[in-house]
Amino acid sequence: MKKRVSPMASLFFISALAAASSQSPFEDNFSIMWSENHFKTSEDGNTWFLSLDKETGCGFQTKQRYRFGWFSMKLKLVGGDSAGVVTAYYMCSENGAGPERDELDFEFLGNRTGQPYLIQTNVYKNGVGGREMRHMLWFDPTEEFHSYSILFFVDRVPIRVFKNNGEKNDFFPNEKPMYLFSSIWNADDWATRGGLEKTDWKKAPFVSSYKDFSVDGCQWEDPYPACVSTTTKKWWDQYQAWHLTDSQKMDFAWVQRNLVIYDYCKDTDRYPKLPAECSLSPWG
């Protein structure tokens with residue numbers, strides 16, 4: 001699959017990635033954000049582990065910022081009883097949860113043993129989110145590594161389409177360069193059954209695993225990177241990279257029918273007047 005991101009009409013968008021991506025060791029791409037003693041690597045350095053205990057979690061971020069592109073990582077989530085535990089994998093324009101941040105989220109919401117993981121996605125522009133979707137997965141994400149790609153692909157299957165309308169708007173985050181982050185942390189006040197299920201610290205440490213980070217995108221350079229200029233030379237400036245292929249549309253339709261358990265665009269109690277982006281068709 002190819003992932004398309006256009007700086008103008010369709011920043012973090014949806015398509016197949018045909019171009020080769022770069023892969024390199026952790027220290028070439030990332031820095032630990034906090035709790036370095038909760039971070040470990042395999043002997044060969046190719047697999048990375050973040051752990052959470054009652055004292056703290058852990059997180060890392062890319063050293064570089066990107067304006068748009070295809071960003072992918074293989075994750076294996078916390079197994080067993082993971083209620084209250086959140087593994088986050090996201091892009092954000094700031095190091096913290098600033099009031100004007102742009103952000104694109106994957107959040108993996110742990111559960112009691114035997115219950116399925118839920119995956120929550122969200123989009124922020126200028127600090128405003130509230131664009132949550134929740135999905136079930138069609139596999140157990142704790143048994144093996146699976147690929148999660150921004151924006152919103154799982155094992156090359158599109159689970160969500162978030163479109164731009166090609167005009168200046170207040171919903172599509174295409175103006176600020178972003179870092180990529182991942183972290184593991186305790187969120188038992190909301191993550192599992194709305195906070196009813198609490199983290200069982202007797203099961204700690206909770207460990208999430210990572211490998212095979214790849215990126216093919218526009219790396220930010222001050223004051224403005226040349227790759228932002230719209231041309232026909234980059235894959236993200238090709239028309240076919242702005243849209244789902246026919247096979248991707250079939251996959252997306254199956255996900256919509258079988259795996260979506262919450263969509264803010266259908267929550268008229270929460271949004272009596274639906275947000276503007278909800279009127280944009282994912283099929284075009």
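## Pockets

By class, the residues lining the second largest pocket are 4 nonpolar, 5 polar and 6 charged. The structure is a predicted model. The volume of the second largest pocket is about 240 Å³. Its lining is made up of 15 residues, and Ala97, Arg101, Glu103, Asp105 and Tyr124 are the closest to the centre.

The largest pocket has a volume of about 330 Å³. It is lined by 17 residues, of which Val161, Asp263, Cys265, Leu280 and Pro282 are the closest to its centre. In the lining of the largest pocket, 10 residues are nonpolar, 2 are polar and 5 are charged.

## The sheet of 8 strands

S6, S7 and S8 also belong to an open sheet of 8 strands, in which the order is S1-S4-S13-S6-S7-S8-S9-S15 and the pairing is antiparallel. Strand S1 (30–34) and strand S15 (260–263) are its edge strands, and each of them pairs on one side only. From one strand to the next, the twist averages 15°.

Within this sheet, S8 and strand S9 (residues 133–136) run antiparallel and are joined by 4 bridges. Across this pair, threonine 121 stands opposite methionine 133 of S9. Helix H2 (residues 246–258) packs on the sheet and touches S9 and S15. The direction of H2 makes about 95° with that of S9.

The loop between S8 and S9 holds asparagine 126. This residue is not a glycine, yet its phi is positive, at about 50°. Most residues other than glycine have a negative phi.

## The sheet of 7 strands

A further open sheet has 7 strands in the order S2-S3-S14-S5-S10-S11-S12, again with antiparallel pairing. At its edges stand strand S2 (39–41) and strand S12 (157–158). Each of these has a single partner strand, so one side of each is left without a neighbour in the sheet.

In the strand order, S14 stands between S3 and S5. Strand S3 (residues 47–52) is joined to S14 by 6 bridges, and the two run antiparallel. Strand S5 (residues 66–76) pairs with strand S14 (residues 206–219) over 9 bridges, also in the antiparallel sense. Serine 209 of S14 is the bridge partner of phenylalanine 49, and serine 209 is also the bridge partner of lysine 76. Elsewhere in S14, glycine 217 is the bridge partner of glycine 69.

## Cis peptide bonds

The peptide bond from alanine 204 to proline 205 is cis, with omega near 5°. Proline 205 lies in the loop between strand S13 (179–186) and S14.

Proline 223 is in the loop between S14 and H2. Most peptide bonds are trans.

## Disulfides

The model has 2 disulfides, counted as pairs of cysteine sulfur atoms within 2.5 Å. One of them is formed by cysteine 218 and cysteine 227, whose sulfur atoms are 2.0 Å apart. The link of cysteine 218 and cysteine 227 is right-handed, with 80° about the S-S bond. A disulfide is a covalent bond between the sulfur atoms of two cysteines.

Note on methods: Residues numbered from 1 in each chain as written. Predicted model: local features only at pLDDT ≥ 70, side-chain atom pairs only at ≥ 80, totals over all residues. Heavy atoms only, no water. 1 Å grid on protein atoms, 1.4 Å probe; cavity = no way out; pocket = protein on both sides within 12 Å on 5 of 7 lines; lining within 4 Å. Points joined across faces, edges and corners; volume = space filled by probe spheres on them. Nonpolar A, V, L, I, M, F, W, Y, C, P; charged D, E, K, R; others polar. Pairing = 2+ DSSP bridges. Axes fitted to C-alpha atoms, helices over the stretch in contact; angles between N-to-C directions. Contact = heavy atoms within 4.5 Å.
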